[in-house]
2 protein chains.
Amino acid sequence: MKILVTGGAGYIGSHTVLALLEAGHDVVVLDNLANSSAESLRRVGELAGRDVDLVRADLRDPAALDAAFAGAARAGAPIEAVIHFAGLKAVGESVAEPLRYYTNNTVGTVNLLTAMDAHDVRTIVFSSSATVYGATEEVPLTEKLPLDAINPYGRTKEQIEDILSDLGDADSRWRIALLRYFNPVGAHESGRIGEDPTGVPNNLLPFVAQVAVGRREKVRVFGDDYPTPDGTGVRDYIHVVDLAAGHLAALDYLASHGGVHRWNLGTGHGSSVLEVIEAFGRAAGKPVPYEIAPRRPGDAAVSYADPSSALADLGWSATRDLDTMCADHWRWQSNNPNGYAEA
Amino acid sequence: MKILVTGGAGYIGSHTVLALLEAGHDVVVLDNLANSSAESLRRVGELAGRDVDLVRADLRDPAALDAAFAGAARAGAPIEAVIHFAGLKAVGESVAEPLRYYTNNTVGTVNLLTAMDAHDVRTIVFSSSATVYGATEEVPLTEKLPLDAINPYGRTKEQIEDILSDLGDADSRWRIALLRYFNPVGAHESGRIGEDPTGVPNNLLPFVAQVAVGRREKVRVFGDDYPTPDGTGVRDYIHVVDLAAGHLAALDYLASHGGVHRWNLGTGHGSSVLEVIEAFGRAAGKPVPYEIAPRRPGDAAVSYADPSSALADLGWSATRDLDTMCADHWRWQSNNPNGYAEA
């Protein structure tokens with residue numbers, strides 16, 4: 001298939017593009033490179049032995065989207081499906097600059113869907129997030145829970161899920177997968193591609209990795225008095241290569257199923273912050289320094305997926321454990337201490 | 001004040017523009033006239049003794065919005081506040097064409113807010129709807145209820161409320177009023193302006209009015225076995241002139257209060273479908289024929305506002321009763337049997 005991957009130069013995007021190429025699909029990446037680097041795609045091309053087409057364009061620009069679909073059709077290889085990663089993703093930033101988030105994420109997606117509809121492309125796999133479940137204390141999280149995001153970033157994901165759901169309900173030609181990611185970590189085992197956050201990492205693993213590689217002094221652990229075995233928060237970390245495989249499984253499913261589908265992509269197991277720090281220390285061959293800090297408002301004690309729907313429907317499940325996640329993340333980080341910047 | 005009124009040529013918009021002019025404000029209307037007529041504004045101008053500036057533009061066109069704000073500033077009368085009515089509003093249509101609704105309403109509003117921010121205009125009164133409360137059976141409805149819209153139209157209103165709420169929380173320069181309308185009916189007492197629905201009216205009163213004036217055969221009453229005094233659904237009808245006054249009260253309030261405010265605009269009293277049909281018959285001087293039809297899915301038995309917050313904060317309450325609503329609506333309908341079309 002010929003697949004348009006928005007945000008394909010980013011962390012999850014680049015790993016999914018590689019998996020798509022390895023599975024024999026044709027890929028065109030649409031990315032504004034606002035928070036990513038074309039170097040990731042150059043390396044994906046090296047790993048796959050095939051160059052990756054990159055259209056540098058912004059979802060806020062309807063004419064550019066139209067041109068991307070029209071250009072592929074004119075070249076005799078029309079887009080058949082879209083995997084939609086592009087979007088801003090930092091919770092704190094979304095609280096400070098909500099209009100930027102609603103513009104990039106919600107408006108950008110409506111623009112994308114409008115272009116798809118105009119070009120008769122109605123298969124889409126969307127990057128949603130477990131964030132849509134909000135502050136529920138129910139675990140494991142199942143897809144049947146109501147959506148109740150608690151910050152602007154999460155609300156953009158919820159809005160997009162609502163828009164896609166209404167679209168699928170209105171027009172049976174659409175085939176829609178909403179993938180709710182838990183906590184993506186790790187990197188391709190080659191160590192050539194991985195997460196390259198701009199500025200201070202918002203998520204635990206890249207922060208731990210930057211401490212281990214010497215870019216930061218120590219990890220701050222927010223709260224050690226939660227009702228969990230070691231008192232620190234428990235999350236469901238999933239290897240990015242497993243996550244990428246979930247996108248291919250969803251795309252395969254949509255080839256034979258219309259309608260709107262929602263799947264959690266997680267392992268179904270939780271790891272505590274201290275377990276992650278210890279596992280990363282084992283991977284790096286040295287302990288990772290940390291200090292305990294107060295809890296952050298809005299953080300749940302425990303959150304992990306019920307991934308049984310994805311297993312039942314897609315035959316997909318995560319296979320890589322926490323030690324593998326840390327080993328692969330460390331290989332990427334230690335081989336590329338400053339991410340793609342030195343390349 | 002110089003006020004930009006989006007959708008100012010529409011039903012509620014035109015009545016509010018008249019009230020603004022009568023209160024001494026300067027008004028510029030921005031309207032794409034997709035579902036309204038410039039004739040309404042011509043008549044508003046006649047009633048007010050002042051012409052109304054109309055910019056024919058679409059919220060989906062960011063450049064046109066920018067030009068409207070820039071043009072007013074260049075002319076020495078910069079926009080100071082916005083009353084935002086523009087949007088699509090038919091529930092059934094929104095189910096069939098959700099992307100059109102999300103584009104016009106959600107994307108259009110994000111575009112408007114972006115233009116406002118760029119031009120340092122951060123006071124907005126937004127046309128929300130009691131629809132945001134969804135299928136709750138709680139009455140009276142208070143502003144503290146969670147938002148849970150049950151159709152795409154309602155979800156666009158909920159999304160816009162969320163966006164405005166996040167914006168107000170992020171930046172204290174914003175002054176935001178979210179007005180949740182109940183069921184606007186009636187017309188200006190002159191009989192010169194009123195509701196002019198395109199196609200088959202979606203709401204009860206305009207349908208009843210078109211039956212009374214002979215444009216349609218009879219009213220269909222959806223369900224007479226609800227747990228209400230006469231078995232028909234009970235709603236909170238509010239005179240459009242009262243509603244317009246609510247917008248001026250909200251605007252006054254924002255002159256001295258920052259932040260995000262939510263007010264129900266309703267009477268606090270419910271009327272049944274049969275009570276409305278009877279009241280309209282009295283106003284028209286002839287009975288309005290009707291037949292009983294099955295319930296419609298999704299219709300609540302009873303819904304009416306708790307309008308006490310608007311009274312407490314704004315000193316506003318609705319003063320016109322059902323007979324006045326019907327008398328004024330009938331004057332408009334009988335003087336203009338085909339709405340603005342004959343003008």
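The exercises below, each with a worked solution, concern a predicted model with chains A and B.

Residues are numbered from 1 along each chain as its sequence is written, and chains are lettered from A, with ligands numbered from 1, in the order in which they are written. Local features need pLDDT of at least 70 and side-chain atom pairs count only at pLDDT 80 or more, whereas totals for chains, interfaces and linings use all residues; side-chain values use heavy atoms, with hydrogens and water left out.

**Exercise 1. The sheet of chain A**

Determine the strand order of the open sheet in chain A, and state which strands stand at its edges.

Solution. Begin with the definitions: helices (H or I, at least four residues) and strands (E, at least two) are DSSP runs, numbered from the N terminus. Two strands pair if DSSP finds at least two bridges between them. On this basis the open sheet of chain A has 7 strands in the order S3-S2-S1-S4-S5-S6-S11, with parallel pairing. Strand S3 (53–56) and strand S11 (259–265) of chain A each have a single partner strand, so one side of each is left without a neighbour in the sheet. From one strand to the next, the twist averages 20°, where axes are lines fitted to C-alpha atoms, for helices over the stretch in contact, and angles run from 0 to 180 degrees between N-to-C directions.

Next, take one pair within the sheet. Strand S5 (residues 123–129) and strand S6 (residues 175–181) of chain A run parallel and are joined by 7 bridges. Within S6(A), Arg180(A) stands opposite Ser128(A).

**Exercise 2. A strand pair in chain B**

Identify the bridge partner of Ile3(B) in S4(B).

Solution. Chain B has an open sheet of 7 strands, ordered S3-S2-S1-S4-S5-S6-S11 with parallel pairing. Strand S1 (residues 2–6) and strand S4 (residues 81–84) of chain B pair in the parallel sense over 4 bridges. The partner of Ile3(B) in S4(B) is Ala81(B).

**Exercise 3. The cavity**

Find the volume of the largest cavity and classify the residues of its lining.

Solution. On a 1 Å grid over the protein atoms alone, a cavity is a set of points where a 1.4 Å probe fits but cannot get out, and lining residues have an atom within 4 Å of a point. The structure holds 1 cavity of 30 Å³ or more. The largest cavity has a volume of about 60 Å³. Helix H6 (152–170) of chain A and helix H6 (152–170) of chain B are the elements that give two or more residues to the lining. Among the lining residues are Arg155(A), Asp162(A), Arg155(B) and Asp162(B). By class, the lining has 6 charged residues (Asp, Glu, Lys and Arg count as charged), 2 polar and no nonpolar ones.

**Exercise 4. Backbone geometry**

Solution. Most residues other than glycine have a negative phi, and most peptide bonds are trans. In chain B, the bond from Val139(B) to Pro140(B) is cis, with omega near -5°.

Leu33(A) is in the loop between strand S2 (26–31) and helix H2 (38–48) of chain A. With 15% relative accessibility, Leu33(A) counts as buried (under 20% relative accessible area; exposed is over 50%, partly exposed in between; 1.4 Å probe, protein chains only).

Note on methods. On a 1 Å grid over the protein atoms alone, a cavity is a set of points where a 1.4 Å probe fits but cannot get out, and a pocket is an open set with protein on both sides within 12 Å along at least five of seven lines; lining residues have an atom within 4 Å of a point. Grid points are joined across faces, edges and corners, and a volume is the space filled by probe spheres set on the points.
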